[in-house]
Amino acid sequence: MARMGSRAQAVSRFYSSEPLFGEVAPEVMEASLIHLATENERYLSELPGQAGCCKESRTVEFVFLLAEKWHLDHSARYQAVELLERFMIKQVEQICKSPSENVESTKGGSSRSSLKEQLYATFVLRLVSCIQLASKLSLHYNIVTSDTALKFLQSLKYSYTKQELLESELAVLETLQFQINVSTPLAYIELLLEVLGHNGCLLPAKPLHQMCVQLLDFLYLKREAIYDTLLKTAIENSTPSELQMRRFYLRRAKFLAVKEDFMLLAVGIISTSVFVLNPEHWKQVVEHLNCVTGITSQSISEFSHAVLKHVVGSSTPKQQRRK
């Protein structure tokens, strides 16, 4: 009986979607952090102008509700949003490169309007396919099967076949050139929490992780409002000598690189979570995050201010102005 019990615990641990902190070797942490930082910088350097176009609140909420209905872990829901976003960007780029209606007959191929119509008509199907793919990447036993996906689509009065569903998955894979195992903000958060613990920030890992996930969900759903607040806060906190330069940069770049910076997002969510759960340790954690990532304490503080302003109102970290 004891052996049966230990096997059951082992199986339960294997299937658990909860991260295990304090189990990663320092050299693995360092290599992983360098990998994520490099991946983040590369993505920001190649950032398409349409980035963020498919992270509108209703779309994100649709993905989250479906992921919850199908009992997927949080990693899968963020992965699905990011896959859908990158797929839609590729589709928009293809539409922009396609010939207009008056030259379609001479150049061949689909016209711009027909590609747009096809994109709109298949949007829900592609969204479901992205969730299916994300469920297969999450290393979790609860994969969304074709039967489950078809049953949902049929409940919405779509008449897709299993073959069309498989072709939709393949269309997403081919469009993204099979590069679908992209890191999500949650991966950055979990690694940074591991690093903080290793560096001596002895905060309760499980409740802190849970708070981070809740705030990350909130940010995905309130993305535009929070980043608008962050933009205003960044401008307000600038000294007179910086103000003109920062305004020019932020407006010219349309704040796009800031909104797509997963490392900034991760440190901001961790900082906000610590402020909510353990405010007495907040300053220490911000300093650690600054040392680990190179992101300034002011930027981290501004991010926390923006998030908390939408969560709890005016009870926010004191803004740190540069001297």
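Predicted model: local features only at pLDDT ≥ 70, side-chain atom pairs only at ≥ 80, totals over all residues.
A residue counts as buried when its relative accessible area is under 20%, as exposed when that area is over 50%, and as partly exposed in between.

**Aromatic pairs**

The structure holds nine aromatic pairs. One of them joins Trp-70 and Phe-152, with 5.7 Å from centre to centre and 85° between the planes, an edge-to-face arrangement. Trp-70 belongs to the loop between α3 (57-69) and α4 (74-97), while Phe-152 belongs to helix α8 (residues 146-155), so the pair ties together parts that lie 82 residues apart in sequence. Trp-70 has a relative accessible area of 8%, so this residue is buried. Phe-152 is buried as well, because its relative accessible area is 11%.

A second example is the pair of Tyr-158 and Tyr-160. Their ring centres are 5.6 Å apart and their planes meet at 20°, so this pair is stacked. The cut-off behind that label is an angle under 30 degrees between the planes. Tyr-158 has 27% relative accessibility and therefore counts as partly exposed, whereas Tyr-160, with a relative accessible area of 16%, is buried.

The two pairs are set out below.

| Pair | Centre to centre | Angle between planes | Arrangement |
|---|---|---|---|
| Trp-70 and Phe-152 | 5.7 Å | 85° | edge-to-face |
| Tyr-158 and Tyr-160 | 5.6 Å | 20° | stacked |

**Charges over rings**

Arginine side chains lie over aromatic rings at two places described here. Arg-77 lies over the face of Phe-64, at 4.7 Å from the ring centre. Arg-86 has its charged end over the ring of Tyr-43, 4.4 Å from the centre of that ring.

A search of the whole structure finds one cavity of 30 Å³ or more. The largest cavity contains about 70 Å³ of space. Its lining consists of Lys-55, Glu-82, Pro-185, Leu-219, Tyr-220, Arg-223, Tyr-227, Lys-259, Phe-262 and Leu-265. Sorted by class, the lining has six nonpolar residues, four charged residues and no polar ones.

Which helices each supply at least two residues of this lining? They are α11 (205-221), α12 (223-236) and α15 (262-277).

Methods: Residues numbered from 1 in each chain as written. Heavy atoms only, no water. 1 Å grid on protein atoms, 1.4 Å probe; cavity = no way out; pocket = protein on both sides within 12 Å on 5 of 7 lines; lining within 4 Å. Points joined across faces, edges and corners; volume = space filled by probe spheres on them. Helix = DSSP H or I, 4+ residues; strand = E, 2+ residues; numbered from the N terminus. Nonpolar A, V, L, I, M, F, W, Y, C, P; charged D, E, K, R; others polar. Phe/Tyr/Trp six-rings, centres within 6.5 Å; stacked < 30°, edge-to-face > 60°. Buried < 20%, exposed > 50% of the residue type's maximum accessible area, 1.4 Å probe, protein only. Lys NZ or Arg CZ within 6 Å of the ring centre and 35° of its normal.
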